[in-house]
Amino acid sequence: MKLGSFAAAAAVITLVFALLAFAQSEGDLRAHADTSALLVARAVAWTYAEEQAGDPDGRTQRLLEALPGELPAVKSALVLKGNKIVAHSAPDQAGRSLSQDSLSDKALYDSAQAVKASASKNVEERERDPSLKQDPYPEVEIASLPGGAVAASAPVRNDEDRVVGLARVEMAEPLPTLPYPALIVLIGLIAMAIFLFFARRSIAVPAGVVLLLFIAVADVWALSGFRFGLRRSVTLATAQNLGALARAGVLPPDVSRRPALIGALGRDAHGRMYPIELVDVRPVDRAMTRSATLALGAIPGGERFEAGDHEAWFVESSFEAAYDRDFSDLSRWAFLSGMVAIGLFVMGARGRIHAFWSAFTSNRTAYGYLAPAMVGMGILVFVPVVFGIVLGFTDRRYNVFEFAGLSNYVAILSDFDFTSTKNFYFKLGVTFLWTGANVMLHVGIGLFIALLLNDEMLRAKGIYRVLLVVPWAIPNYITALIWKGMFHKQFGAVNFFLDAVGLEPVAWFGSFWPAFMTNVATNTWLGFPFMMVVSLGALSSIPNDLYEAAFVDGASRWQRFKDITLPLLMPALVPAVIMGTVWTFNMFNIIYLVSGGAPDGATDILITDAFRWAFERDKYGYAAAYSTIIFLILLFFTLLTNKVTGATKGAFE
Amino acid sequence: MASVTLKNVFKRYGDNLVVRDISLEIEDGDFVVLVGPSGCGKSTTLRMIAGLEDISEGTLSIGSRVVNDVSPRDRDVAMVFQSYALYPHMTVEENISFGLKLRKMPAAEITKRVGEAATVLGITDLLSRKPKQLSGGQRQRVAMGRAIVRQPAVFLFDEPLSNLDAKLRVQMRAEIAKLYQRLKTTTVYVTHDQTEAMTLAKHIVVMSGGIVQQVGAPLDLYRAPANTFVAGFIGSPAMNFFEVEVSDGRLKGRGVDLPIPPRFSGSLPAQLTLGVRPEHFRTGGGAGTVRMRVDVLEPLGAIVNALCDVEGVSVTATLEPDTRVTVGEHITLGVDLEHVHLFDRASTRAVAGAPRAAA
Amino acid sequence: MSGSVPSTATTSTKGERALKHAFLAAFTVAVLYPVAWVVKMALSPSQGFDASAIPIPTNPSLDNFRHVLFELPFGRWLLNSAIVSIAATALGVFLACTSAYALSRFRFPGRTAAMLSFLVTQMFPGVLMMIPLYIIMDYLHLLDQLLGLILVYSATAIPFCVWMLKGYFDTIPKELEEAALMDGASPALVFWKIMLPLSLPAVAVTALFSFMTAWNEYILAAQFMGEAHYTLPVGLKMMVGEFSSEWGHFAAGAILVSIPVVLLFFALQKNLVGGLTAGGVKG
């Protein structure tokens, strides 16, 4: 028994590590893609700024046209100033103005405006708090494109350091394919595991021990090697791109502001390379890169270049070659298969094979029916969720995922500054308030209307029912945008009504309570029909005899409602309310699209905040921890209500 | 038409043994009733014959074929369910012809068979209705019609009359009996009502606790029950039991002092249970008498049931309708010693005696 | 007669009815006002807001509709949405049906775990899954493929559908299936000819929900799809950018996008009540 539990625990830990390794390597690759693209974008922006500061000689356009050749990963690059594309890697696009009719042009324009807005906000923030170490608003934009490509945008500044435009680069790094040697090892391991599954116990146990030892050794070796390997390959590629940029004669001088890069070069007016100051390089990284060599054209030979207290390393090798030398894949698969093998071995050694197999075959029809859905959900729902949870334990610094333990959770939960609108507990409060208000309104209005309509003698009630369902039928993102329009300060219908009645028009998105009310109004509008329909159904199932009996007993209208209608409605309403609560708690679209969190994130609920952390502030690990907390809250809530109401107990029969 | 044979059949649910070691030989054309209290395993046995339950151990044969692993549709059996199980979304006609359509029978043949079955059961004018428009009795007939048209080798009935009211039950019982006379198909019938068993069956199988207690013709079970369970189950009102011991050449127990019935001449176990059917009490004394106090009288017209008390033991006696007896009165009734039963108290098995003269 | 009927819970006096009508009419008008407003915007040629709250367009024109239908790739978006939604609904409902059937009719080890998992996955915040999903889809080379969206949508729709369908299947007596088996139906035929026809209300409702979820889904489609494969929500959202919006076009697009789901809703709304109360909402 003890051995089994220990092995099971070991298997789980192994699996967690495997997932972490997986996440990390993927994250690294992606981070690398992002960094490269961003570097190039910054380089382009800097070049343009330099050109404008001196005599515009078209060097930016030449650079852009040369880029796809120098760096094959670059698909396109452009510089946008105001409304005009002033330089583009495709020459025929250079010089044209943005068109109102092209959606991609519109998106580009919006991007530029967003970056500009962020930059000015950063300036304000830094004026307010000069000790700020990091810009709170991202001045660059990195968007993932389908197929693994990355679009990086960096601001173009004029000599007064104001943002006047955008440099945007699209790069597609070729993603590596599975290395075949790892595949063969994987198949071998699985075959061994299957053999163990069916072997007699007398063979299974010693064979299992051997396999366990092998896996343990492989894992230890892989563990020690893989992080280095990954870090190395990412660094290699980054440095390669830097080298290419150097060849093209362009390097952004402020690259050193970004940590975790190994080195950078600049070329001065005489064509001499000069190194750029390094920040935050760790000894172990230096040891790795020393082993590689290279030449960058006319650079005098040698691996290391020194000038004063600056150092730089050159490195070589193509991206794919580096990856092939990398053992990270092997370690990943070793982890996973090790977990599987351990689990099977444990089962085999304890003699459970037969019981498992017979249970499996005797229920095979049931499993057969269930399998497709479970497999689909397994891959597309469970794995991402587990993955997401694991992500919560990492920290994505600019370049790499790092195992961060519980620091994300600590950061979220231990911030007790309740008054700040960015605080987790504040948002928790807002979310509870949001959920409570909505559910009460939905049930109140829905039930009220249902009671009105539950009248045999009311003509046209069918029409009312159909019409009142319309808010539910309309897609909720459309509803959100419509209501957002209706609450517009100057042109929105709501303010017109207020004006017509003689009241002051309200700046709906200017402060917390009005903005909160816009969200609640919108969600109530689209949410009450559901409760109405459920109530109607439940009401119609209450037998009339009960009312007649109560009437004969002398009960008043109100008493009949209180003692017959309400209690008999509960079995249908309670599950609906529980479902509605969970949906409202996680209602992303309305908050995001109606108030957009205005003012300044105050009306954001937990889930929109999590979204922003992931996609606007780029802190995936933090956002993942955030989302896990949300999930746990909901899970707790569901378990609690289940215990109290036993609402879903019947469904488990 | 076929025989049904069970050999050493067991049924297990997890660790629970629901049917233990049942062996039955049901001959071709027989009407066998499985009877017993709730949970005795009779429905489970029937469902095993139908193929709706797997057989844990043992063999089941229909005709000469072992059908343990054969699916229900290939066993050539038809079943009538307790709740009728009519398809609510189909008309009566569609319900009845469902199985035939599945077997790709030509439409003309289907119509012919459905028409015949409807005529036999008297439901011809119900053919286009839906089940929810029918009464209980009508639904039962439709369920039977569905089974008949298949012309199977074996009919299976799972407590078909339990959902009907008393009068209808009697009526339908007769219908089933008539149907059997007409079709002579092998029938296995499950019920918990011993009256149905006695009236319909050619052979009764009494079950309790997953075990067959006794198999035999109805009257055989009535006259010569093999143990106290069968004795107490068959016959209504139920047999009365007294705990007695042999003492001074007589049977003595609480409130009981009777001579040993002449049938039992051999040696008797020390501890016995004496069984006396209610109809074997006589007014007017006799060789053996019992004194009892009348608690409740049930005048049923043709007979009077007297529920009495013999020193704490409840006893029912069936008396002539004009017997003069009042509640609370102490009476002494004679016992027809020719027809009493003796059982070994520990094993509950009947003690064999010399065969009786025809009663 | 009407005056002397006592008002019980389901009957009312004439006066009460008049009051009800007044209230309900006013309420319905208030509820439908935003819809009318959108219609007005769609029919008004200007792209900003009209300076009036009255939902009647001053010079109605079909210009916005024309622009949306012919000058924007609306047809392509529509095709993409249609393909994805219909396929996801078909796949999701089919898988949910079979799973719900297994959970309702069979008892097997892991059954409770499976049901629990279907319940719990409904609570996952989508944000938690988006990044990992992106990575997984990338690995499977399903990014910017309609098939990828189809698979994700059906997978996320399954839990709710299974929950509702199972509840409904539970109300169908097992004897009906046994009778069908005895009649000679194979297990598959039992499912198709007996279970499904009797479960039509619940199946209709789950299909409706799945379709709506897929049709209205924005975030995942925006992340995963490239321009050629944009679905309607993504296309529509692009018209309302952060700093520049075309409300007229958006309104016209919104109307066109909403019509199919609203119509579907009306068509199936008879089954809505039945399916909801007998299914997952059962106490």
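Biologist: Which residue is the bridge partner of B:Ala78 in S7(B)?
Modeller: B:Phe155. Keep in mind that this is a predicted model.

Biologist: In which sense do S6(B) and S7 of chain B pair, parallel or antiparallel?
Modeller: Parallel, over 4 bridges. Strand S7 covers residues 154-158 of chain B.

Biologist: And what is the strand order in the sheet of chain B?
Modeller: S6-S7-S8-S3-S9-S10. The sheet is open, has 6 strands and is mixed in its pairing.

Biologist: Switching to packing. What does B:Leu156 touch?
Modeller: Leaving out residues up to four places away in sequence, B:Leu156 touches B:Leu46, B:Ile49, B:Ala50, B:Val77, B:Ala78, B:Met79 and B:Val188.

Biologist: How many residues are in the largest nonpolar core?
Modeller: 263. B:Leu156 is among those with the most contacts inside it, as are B:Val33, B:Val188, C:Ala96 and C:Leu165. Helix H6 of chain C, residues 146-170, gives the largest share, 16 residues. Another core, of 36 residues, lies apart and includes A:Leu38 and A:Val156.

Biologist: Now the contact between chains C and B. How many residues?
Modeller: 13 from chain C and 16 from chain B. On the chain C side, H7(C) gives the most, with 7 residues.

Biologist: How does that side divide into nonpolar, polar and charged?
Modeller: On chain C's side, 9 are nonpolar, 1 is polar and 3 are charged.

Notes: Residues numbered from 1 in each chain as written. Chains lettered and ligands numbered in written order. Predicted model: local features only at pLDDT ≥ 70, side-chain atom pairs only at ≥ 80, totals over all residues. Pairing = 2+ DSSP bridges. Helix = DSSP H or I, 4+ residues; strand = E, 2+ residues; numbered from the N terminus. Core = buried A, V, L, I, M, F, W, Y, C linked by C-beta atoms within 7 Å. Buried ≥ 20, exposed ≤ 12 C-beta atoms within 10 Å, placed from the backbone. Contact = placed C-beta atoms within 7 Å. Nonpolar A, V, L, I, M, F, W, Y, C, P; charged D, E, K, R; others polar.
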